[in-house]
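Visitor: I am new to this structure and would like to learn how to read it. Please take me through it one feature at a time.

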Amino acid sequence: MKTISRDTYVYAMSPSNKPVLHINPGDQVEFETWDALQGQIKSADQGFDELDWACINPATGPVFINTAEPGDVLTVKIDSIEVDSPGVVLCGQGMGVMGEFLSGTSTKIIPIKDDVAYFSDEIKLPLNKMIGVIGVAPKEGEIPCGVPDLHGGNMDCKEVREGATIMLPVYVPGALLALGDLHAVMADGEIGVSGLEVSGKVRVTVDVIKNKKYPLPMIENDDYIMTLASDEDLDKAVDMAVANMIKYLTEFENFNEHDAVMLHSLIADVRICQVVDPKKTIRVEFPKKYLR
Ligand code: CA
């Protein structure tokens, strides 16, 4: 298996990033990743105000996938996520949903052991390990790794976890996959602007579906197929994610449009991934057992 060190990373997804590794469809790769703050926070005395904001959200890679061409779908199956200890969580003035009401900043360094995060002596949290940033190069220009969009990026979706497969669009030859920003624990919303940020290792198996016009990005796990959409406006993100799932059901699963909409009312959950990044991310979860 090939591995990529966390010393090779990017701060933006771009067609001009130089690949650090070339792989074939079907290959398994291990990405070693920084936490979203690139290890800058080492003690509870440090807050947001001490961060160098130029060194945020490094994504390890990018990886060039042989045969991936514009118009294809890149599938990334998440085989395992290993997180280091400790993790860090922050909140403070100007940050997240409560930013305008808070004064000062707070930092907690949180030890992790045996799949438990020790928030305090009384509060012990089971891990829900996930990948915050995962994406490919956009068609042109560059998108900072902190921004989610059609190419993936900082979607901060807790369904990007072990066992799930994320599907991303290929805009440039080789796709240029990069990922990072692991969270050991995060709730839908990511209200305070930070999950339990950790460094770690991710193993994925990458494949290519040739020339398929899925409404991407999407996620599939054992039970659900999901569409994701990001926008500055949460309402628009909802509309886009729903329209994408309707498109998927009508174009690829043979539902008529009205049935697809009625089934959305009945069994498709619209959920928030996060509301604190430059664009907010919504996902729609449709149960696979009702697919034809
Ligand atoms: Ca993030």
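Visitor: Into which classes do the residues of the lining of the largest pocket divide?
Guide: A pocket is found on a 1 Å grid over the protein atoms alone, as an open set of points with protein on both sides within 12 Å along at least five of seven lines; lining residues have an atom within 4 Å of a point. Ala, Val, Leu, Ile, Met, Phe, Trp, Tyr, Cys and Pro count as nonpolar, Asp, Glu, Lys and Arg as charged, and the others, Gly among them, as polar. Here the lining divides into twelve nonpolar, five polar and five charged residues. This is a predicted model: local features need pLDDT of at least 70, side-chain atom pairs count only at pLDDT 80 or more, and totals for chains, interfaces and linings use all residues. Residues are numbered from 1 along each chain as its sequence is written, and side-chain values use heavy atoms, with hydrogens and water left out.

Visitor: Which residues lie nearest the centre of the largest pocket?
Guide: Of its 22 lining residues, those are Trp-53, Ile-56, Asn-57, Val-193 and Asp-277. The pocket volume is about 360 Å³, where a volume is the space filled by probe spheres set on the points, and grid points are joined across faces, edges and corners.

Visitor: What lines the largest cavity?
Guide: A cavity is a set of points where a 1.4 Å probe fits but cannot get out. The structure holds one cavity of 30 Å³ or more, and the largest has a volume of about 40 Å³. Its lining includes Asp-149, Leu-150 and Pro-217. Strand β22 gives the most, with three residues; helices (H or I, at least four residues) and strands (E, at least two) are DSSP runs, numbered from the N terminus.

Visitor: Is Leu-168 buried or exposed?
Guide: Buried means under 20% relative accessible area, exposed over 50%, and partly exposed in between (1.4 Å probe, protein chains only). Leu-168, in strand β17, is buried because its relative accessible area is 0%. Contact means heavy atoms within 4.5 Å; among the residues that Leu-168 touches are Asp-72, Ile-134 and Pro-217.

Visitor: Which residues coordinate the calcium ion?
Guide: Donors are N, O and S atoms within 2.8 Å of the metal (3.2 Å for Na, K and Ca); water is not among the atoms, so sites may look incomplete. Here Asn-154, Asp-156 and Asp-181 coordinate the ion, at 2.2 to 2.5 Å. Asp-156, in the loop between β16 and β17, and Asp-181, in strand β18, are 25 residues apart. Both Asp-156 and Asp-181 are buried.

Key: Lists of a residue's contacts leave out its neighbours within four places in sequence.
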